[in-house]
Amino acid sequence: MAIKHDEGTVLARQEQKLKPPAMYKVLLLNDDYTPMEFVVMILQEYFSKDRENATQIMLMVHRDGKGVCGVYPKDIASTKVELVLNHARKAGHPLQCVMEEV
Ligand code: TYC
């Protein structure tokens, strides 16, 4: 006869412990030198924004100093930061892109 444990099966215990993955905001920071058009292109290319939405986000960053481009699991957020920084440096712009836990 099987022994019945109060704690339930191993699978049930694991399911109870599973937490949703930590999510990270990816932000663009304002600076005085990166062209507005370059920032709009970055938002379209790496954050799947249409031109209108990309322009709104760019203007918000320009006005407020920073703005959220999207929210992603950690590895996706860090890859986006790296790709954006590589693209900006290659183009000779000082654009800053950072991530922060939600
Ligand atoms: N402030 C920049 C300019 O006037 C534009 C800009 C917007 C730069 C957003 C960075 O994340 C940024 N050309």
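## Lysine 25

Lysine 25 is found in strand 1. The model is a predicted one. Lysine 25 counts as partly exposed, because its relative accessibility is 25%, and partly exposed covers the range between under 20% for buried and over 50% for exposed.

Apart from neighbours within four places in sequence, lysine 25 is in contact with Val68, Gly70, Val71, Val98, Met99, Glu100 and Val102. Glutamate 101 is 76 residues away from lysine 25 in sequence, yet their C-alpha atoms are 6.2 Å apart in space.

## Helix 3

Helix 3 runs over residues 51-64. At 1.5 Å a residue, its 14 residues should span 20 Å, and the C-alpha atoms at its ends are 20 Å apart, so the two values agree. Just after helix 3 comes glycine 65, with a positive phi of about 100 degrees.

Which residues of helix 3 are buried? They are Ala54, Ile57, Met58 and Val61. Viewed down the axis of helix 3, these buried residues fall within an arc of 100 degrees, so they line one face of the helix. An α-helix has 3.6 residues a turn, so residues three or four places apart point the same way. On the other side of helix 3, Glu52 and Arg63 are exposed. The cover over the buried residues of helix 3 includes strand 1 (23-29), helix 2 (36-47) and strand 2 (66-73).

## Ligand surroundings

The residues around the ligand are Leu28, Leu29, Asn30, Asp31, Thr34, Met36, Val39, Met58, Val61, His62 and Leu95. Met58 and Val61 are among them, and both also belong to the buried residues of helix 3.

In aspartate 31, a backbone N or O atom lies 2.7 Å from a ligand nitrogen atom. A backbone N or O atom of threonine 34 lies 2.9 Å from a nitrogen atom of the ligand. Taken alone, the ligand exposes 350 Å², of which the protein buries 89%.

Strand 1, helix 2 and helix 3 are the elements that give two or more residues to the shell around the ligand. Helix 3 gives the most, with three residues.

Conventions: Residues numbered from 1 in each chain as written. Predicted model: local features only at pLDDT ≥ 70, side-chain atom pairs only at ≥ 80, totals over all residues. Heavy atoms only, no water. Helix = DSSP H or I, 4+ residues; strand = E, 2+ residues; numbered from the N terminus. Expected span 1.5 Å × (residues − 1). Buried < 20%, exposed > 50% of the residue type's maximum accessible area, 1.4 Å probe, protein only. Arc of directions from axis to C-beta. Contact = heavy atoms within 4.5 Å. Near = heavy atom within 4 Å. Polar contact = N/O pair within 3.5 Å; in protein donor to acceptor, adjacent residues only side chain to side chain. Areas by Shrake-Rupley, 256 points an atom, 1.4 Å probe, with all protein chains shown as cover.
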